[in-house]
Amino acid sequence: MQTHSPQSVVIVKSHPQNPDLAALGYKNGLIIVQGLKKGNNAIYKLKGHTEDVLSISWYPSSELRLATTALDRTLRVWDVEAEKASHTLKIPASSKSHKIEIAHKGRPWVAATWVPSCLGMVACSTVAGGVCLCNVNSPRVGWDFLEVNDDSAGHFRCVFSLSVVGSSENSYVVSTSLDRNIVFWDVVAKKSAYCIPSFGGFPYSLCFSPIACASLAIGGGDNTIKVWRVDCAANPYSSATFWQNIRGRVMAVAWHPKKEDIIAFGTDEGKVGTININTKQTTVSMSYHKQAAYVVCWAELPDLDSEDKADKAYLLSCGDGKVKVHHLPKLNKEALDMSTAILKDTSSKSKWTTVNFNGDLRLLTLGSVDGSVHIYSSKTLKKVALLEAQRKAVENLVWRPIHTASSSLDNMEKFTLACSSCEGPIHLYNLSGLAEEKDEVLRLTHSTMQLLGHGTKVVSLSWSPFREGYLASASYDGTVQIWDTLQNKPLANFRGHSGRVMCCCWSPINPDVVYSGGDDCTVRCWTVSEQKDKLPPSKVEKQKLKAEALPKPPLGATADTAIENDVDGADKAPDSKSVTSEGHDSFSAKPSHTKQPGGSKKKKPAKSFFPVFSAQENKPKESAAEDCMLLANKLANKKCDCEHFTEPSCHLNMFLDAEGVLSTIDAEVIQHKKDLNFDQAFQMMAWKGDVAEALREAAAVRKLNDTLVSLAPTVSRTLWLEMCEQYAEQLLSDGDHHRAALYLLTCHKVQEAIQLLRRNGCMREALAIARAHLVEGDPEIAEIYLAWAGKAKGVGNYEQAARCYLAADDAPNAVKVLQNRRDARTKRAAAYIAKKFGLTAEADAAFADAMQAATEQKEWDTALHLVEEHGKPKVFLCLSGMHQCLTAALADIRAAYKLSAEQSGTDKLMSDAIIRGGHKDVSATFLREVREVWNSCGVTLFGSSEYVAEVENLLKTSCNPTTEQDALYRSSVYLTVALLAGETYDMNVAKAVSSTLLFSTDLFNQLCSLVYSTNISDEGSSFGSCVVVVLDSLRENEASVHFKCPVSALNLFEQFLKVKGQSLLEINIGREVLGLLYCVAVMEVIEKVPQDPSTVTSILKKMEPVILSPSLACIQHLMKKLQRKQDLLMHKRVDLMRKSLQCCGDVAHEVGERFAEDAGILSLQRDCENLKKELQESTFSCSFPDVTALIDTVVAKLNCCDEEEDVRFKNVLSNWKELILNDSCSDSDA
């Protein structure tokens, strides 16, 4: 599609009722309304905005009106056809109750949309995120802001789009914004009705307020903190979003223990700060971490700035291996390093990964990268315990709550600490030894309890505030596990997240509800009692679930192809407590400062080929020493003792002879098969030399791969061909059609490879192989082209299908498929192909289609080339020119009608045009242009009857027109035929007018005002029994088709002549139809345009000789009679079919026999055929209005008149109608 401005197009909006019409908004503020089919036909240009157009909304009715907004913060309502703005309004920045400074808003984005439930109402957004209404139809245009409350929140940042949903009576305005909220606005109540928040990143941290229990703080990867009111009944998603001065992914959040409006946060850039959710004021500490701050917590420590050592609140943060202590409340001092400045007895080289403070026990707990946990007394800042049971970096530390909703813990149980690390097990420590103050440090090398179930690291822990000993754990294995730590058993496992789980916490208001957030960008609320699983999925189960969930690979993709999807820009969940200084998350436990080559992720270590051996080797030092002694005994006495080791020391066979090593490999192969690690198992079998056995086992379990198949030639050629064929079947079942075909070609199975690709829709690939391996003329090549054509045809790519049919030497189908298109150029191509291949019948049909398409779509050049290519006479160019003249004249008439209606409120011009002699200026121009077209083509007016049949053949069907273009094309054809042969002139002009009546009365009235020049007004008109047509002036000699009365209606015809008082004479049937059509047009004017009653009566009386047409009355009578006989015939056939259905046997045979034997049906069939033939001979297949319906309309208009002449006229019309409807008047029923 071509545009009409060098500026960039910013927005495109198509008309809701006319998809071909679209409005384009440009960067410089210009708006162009243009059509889409041709792509470059600009219709209207709207100029007024001075900056980028932001939104366009079409008026919800058929009127061409637009509402637009731009960066100049104006709303303009456009009268599109007038190309001017009817309203220009300055959009307020905010409501009076919520004023803002424009300079503080970074994006002055505004949007607008019409509200269909209230015509003239426009909804518009402000730069502050508000929504206001404006009724442009109101005398006083003003802004009415929609209200916002806490439950159904609104926006706090600029709105990008507005749309309307709901019914016409009850609709809502829906807005989307930079704050990622979706808000539903109630237009009637004038307030926000509902708000749905959304996430733009991972939820890294969850924390419930200890004071306002139902407030859940969520730290997100979209640089925001959301506070979700989970107890809101009016809106279950009621939330507030805070983003001011955060500027980074929020990795950790923590509520202040005593102030309900303060939240601490840490970001991936190392920022630490607090935010007041009431004032939305953000305070950022002047001290940064070099990498992500992934833990923040509040602590009460001795005053570090005074000597009295009174307790004071501090904010702690952990990142880049350090714990920083931030001074409150302004965070305007340099934060202290926990290791060097406060904990004097620790080494400055310690790398901390997490921190926790227990206010009830006054204990400060720190986790280290080496897995150790250090516990300090917050009073004395001295170490009181050291836990060394773990060897991997600590991820999370949580103390069991002292008080729960059900009971209070005794002194022994309150010192329980849960600890998770980069390993799956969760360690629980009973630190009851800290109940008494001691000088020595409590040191534990073993945990009290381990909770086993997670397959990978556990990143979040949460104790239940209601039930004693209930613990929730979130893991990167994608599940949340609920434990009963008192009985050391799993209770439930939640698998609702589609990826890794980042955080979890118990609900403080419902004992059965847990909240969790994952890297699927969702926070989920779920109930423990509804979970069916008890533990996370095992390794084998997880592989099966992953295989079922993964989509099939795309065509051409290899098994090694990996697609990474970054959800929120650069938002990738950290795989440990470490983020590189460049801002990318690291997968190592230690802080990484080395960037991976190419920016790619660090590859996971390959799976071990010797898991059994490694498990037995990794024993305590005592067992390892015993193994050395056993091996020494065996090797020292190997001459007298050649037996190998058995369980549990079979791994020592690796250090014996060849048989010992091979027995170790056999054990590893068995274990690999149990763990479904077939790749390693088959490779190890190949190491031993069992290549054939490994290949056949891999083929049996469908685990062949390229490496294994490449080993087959080392055994034999037969095995290689066998494996190639089986691997091809495996690849086919996996959806890798291309590689499957390649392996079939390797086996010299060309036909099978081609068939495989054809069955799976890979037509081009199949054709390439066929052309490369098959001889020219092979029928398989034609079959490929035909299959490709069928596929292309099925998806609507008709041009490609035609090319395929041509390549397969199937020109008729190529022509047929191209005719599915509606555009003139494609239809011209279909006609060209048919002519080139000598398809005469197809060429004629395609030429007719292309000619109609080119004429309707006003592609006059295409019509010219079409006539020249087919060697057709120039009379077809006369048809094209006639259509061009007709459409131009009707366009002028429509413009005049519209202007008249706007000025007077009624279509007065239509009344004057039809009853006072038409549009003389437009008609004169029309006649002149038609004459010029005929002269330029060298065609003689009314002297080229030899071309009539060819032009009439362009109308293939006699069905009613379905579009205005079709109706105008038919009218153009009939008018062209009328000017070619004078003997059928009147009848063809009548067909041209009636074609438009069959489509719409508006088009019919416009054509009548162009064609008819009859004056039937009161002002000295001399209206006779015939109407006058403007084309009459082109005719020199009159030669008309006279009416041939059907034999069955001769008696009735004489009665009509008697009623009218007219003698038997020749009647011009074409002019009679034209007169009746003119009467219908006059009645349309009388119905639509107010007229004086006396004028109406006078006009109706003048139409008497035209309405009382004996010829049309006879034809109408026969048409009614034919309809009655057809109805009777249908009822008789239905009765026979019903009787046949009641009989047993062949129903179709019974019905056919009964139809052939029933004399009544046969008689009715003959009568119907005779009537159809008579009607066709009398009317020349010209349709005309129902005479009886016209009489009823005229009588209804005369009912208010009581004059003698009016009464006589009504009686004559009534008698005329009775004769038409009386079936006993015809000769056949006499």
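Predicted model: local features only at pLDDT ≥ 70, side-chain atom pairs only at ≥ 80, totals over all residues.
Local features need pLDDT of at least 70, side-chain atom pairs count only at pLDDT 80 or more, and totals for chains, interfaces and linings use all residues. Residues are numbered from 1 along each chain as its sequence is written, and side-chain values use heavy atoms, with hydrogens and water left out.

**Exercise 1.** Find what span helix α23 (residues 964-980) should have.

Solution. Helices are DSSP runs of H or I with at least four residues, numbered from the N terminus. The expected span is 1.5 Å times one less than the number of residues. For the 17 residues of α23 this should give 24 Å, and the end C-alpha atoms are 24 Å apart, which agrees. As for cover, 15 of the 17 residues are buried (under 20% relative accessible area, 1.4 Å probe, protein chains only).

**Exercise 2.** Classify the packing of helix α17 (residues 840-856) and helix α18 (residues 860-869).

Solution. The angle is about 155° and the axes are 8 Å apart; axes are lines fitted to C-alpha atoms over the stretch in contact, and angles run from 0 to 180 degrees between N-to-C directions. Angles over 145 degrees count as roughly antiparallel, so α17 and α18 are roughly antiparallel.

**Exercise 3.** State how helix α9 (residues 717-733) lies against helix α10 (residues 737-746).

Solution. Their axes are 8 Å apart, at an angle of about 160°. That makes α9 roughly antiparallel to α10. In the contact (heavy atoms within 4.5 Å), α9 supplies residues including W720 and Y727, and α10 residues including H737 and Y743.

Key. Helix = DSSP H or I, 4+ residues; strand = E, 2+ residues; numbered from the N terminus. Buried < 20%, exposed > 50% of the residue type's maximum accessible area, 1.4 Å probe, protein only. Parallel < 35°, antiparallel > 145°, perpendicular 65-115°, else oblique.
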